[in-house]
Amino acid sequence: MGELLLIRHGETTWSASLRHTSYTDLELTPDGERQARTLAAFLAGRRFVSVLASPRSRALRTAQLAGLTVDAVDEDLSEWNYGEYEGRTTVDIHENQPHWNIWTDGCPGGESPAQVGERLDRVLTRVTPLLDRGTVALVGHAHSLRVLGARWIGLPPSAGARLRLDTATVSVLGHEHDRQVILRWNQPAPPAPGTATDSAPRH
């Protein structure tokens with residue numbers, strides 16, 4: 001069986017400021033483009049029987065810069081529809097809705113966890129048979145790919161809350177003893193040789 005690679009798009013201005021971004025079609029920042037190019041070396045040498053991407057330009061541009069050829073654009077790979085919370089941060093939302101949790105409450109005017117789970121289940125139904133022929137890549141967004149990861153291992157959409165997913169990372173889903181498992185999660189591409197790394201502590 002092949003593996004299923006989940007690739008989150010590179011940084012945008014809204015992802016950098018932790019603003020919820022679903023249907024707003026933002027471009028990558030210069031750092032986001034650099035992140036996506038770094039993925040190219042990380043993915044080099046892999047053969048894909050299919051590459052599917054969200055229709056949003058940030059996902060398609062990430063695929064292009066990572067050296068991937070997208071076979072199909074899949075609307076079901078779009079980010080969680082945040083409805084009235086589009087463009088807002090969790091901190092901002094909590095000022096008026098202190099107990100709000102996207103993983104249990106969904107978004108007013110947008111999608112519920114069950115609705116997101118249903119469409120990511122459709123993605124899995126379409127791509128799982130392809131794994132008999134090799135590896136498949138899905139290029140998409142944080143919340144939707146977290147739901148997909150949870151559904152792959154038989155957990156409810158809300159379990160995606162436990163699967164942090166940063167920009168321009170690769171996660172790998174696969175099998176062990178015929179069970180669907182997470183092989184690797186939230187793996188960043190290694191820095192290019194000679195690239196200085198930021199060693200400052202993170203708070």
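Biologist: At what angle do helix H2 and helix H3 pack, and how far apart are their axes?

Modeller: This is a predicted model. In it, helix H2 (residues 30-43) packs against helix H3 (residues 57-65) at an angle of about 45 degrees, and their axes are 7 Å apart.

Biologist: Why are H2 and H3 called oblique to each other?

Modeller: Angles under 35 degrees count as roughly parallel and those of 65 to 115 as roughly perpendicular. The angle here is about 45 degrees, and H2 and H3 are therefore oblique. Their crossing is right-handed.

Biologist: Which residues make the contact between H2 and H3?

Modeller: Glu-33, Ala-36, Arg-37, Leu-39 and Ala-40 contribute from H2, and Arg-61, Thr-62 and Leu-65 from H3.

Biologist: What makes Trp-80 and Trp-103 an edge-to-face aromatic pair?

Modeller: Ring centres must lie within 6.5 Å, and planes over 60 degrees apart count as edge-to-face. For Trp-80 and Trp-103 the values are 5.5 Å centre to centre and 90 degrees between the planes, and the pair is edge-to-face.

Biologist: Why is this pair said to tie parts of the chain together?

Modeller: Trp-80 lies in the loop between strand S3 (72-73) and helix H4 (90-96), whereas Trp-103 is in helix H5, so the pair ties together parts that are 23 residues apart in sequence. Both Trp-80 and Trp-103 are buried.

Biologist: How do you know that Tyr-85 and Trp-100 form an edge-to-face pair?

Modeller: The same test applies. Their centre-to-centre distance is 5.0 Å, with 80 degrees between the planes, and the edge-to-face class begins over 60 degrees. Tyr-85 is in the loop between S3 and H4, and Trp-100 in the loop between H4 and H5, 15 residues apart. Tyr-85 and Trp-100 are buried.

Biologist: Why is Ala-168 counted as buried?

Modeller: Buried means under 20% relative accessible area. Ala-168 has 7% relative accessibility and therefore counts as buried. Ala-168 is located in the loop between H7 and strand S5 (169-176), and its phi is near 55 degrees, a positive value in a residue other than glycine.

Biologist: What makes Asp-178 exposed?

Modeller: The exposed class requires over 50%; Asp-178 has a relative accessible area of 78% and is therefore exposed. Asp-178 sits in the loop between S5 and strand S6 (179-188). Although not a glycine, Asp-178 has a positive phi of about 70 degrees.

Conventions
Residues are numbered from 1 along each chain as its sequence is written. This is a predicted model: local features need pLDDT of at least 70, side-chain atom pairs count only at pLDDT 80 or more; totals for chains, interfaces and linings use all residues. Side-chain values use heavy atoms; hydrogens and water are left out. Rings of Phe, Tyr and Trp (its six-membered ring) pair if their centres lie within 6.5 Å; planes under 30 degrees apart count as stacked, over 60 as edge-to-face and the rest as tilted. Helices (H or I, at least four residues) and strands (E, at least two) are DSSP runs, numbered from the N terminus. Buried means under 20% relative accessible area, exposed over 50%, partly exposed in between (1.4 Å probe, protein chains only). Axes are lines fitted to C-alpha atoms, for helices over the stretch in contact, and angles run from 0 to 180 degrees between N-to-C directions. Angles under 35 degrees count as roughly parallel, over 145 as roughly antiparallel, 65 to 115 as roughly perpendicular and the rest as oblique. A crossing is left-handed if the near helix is turned anticlockwise from the far one by less than a right angle, and right-handed if clockwise. Contact means heavy atoms within 4.5 Å.
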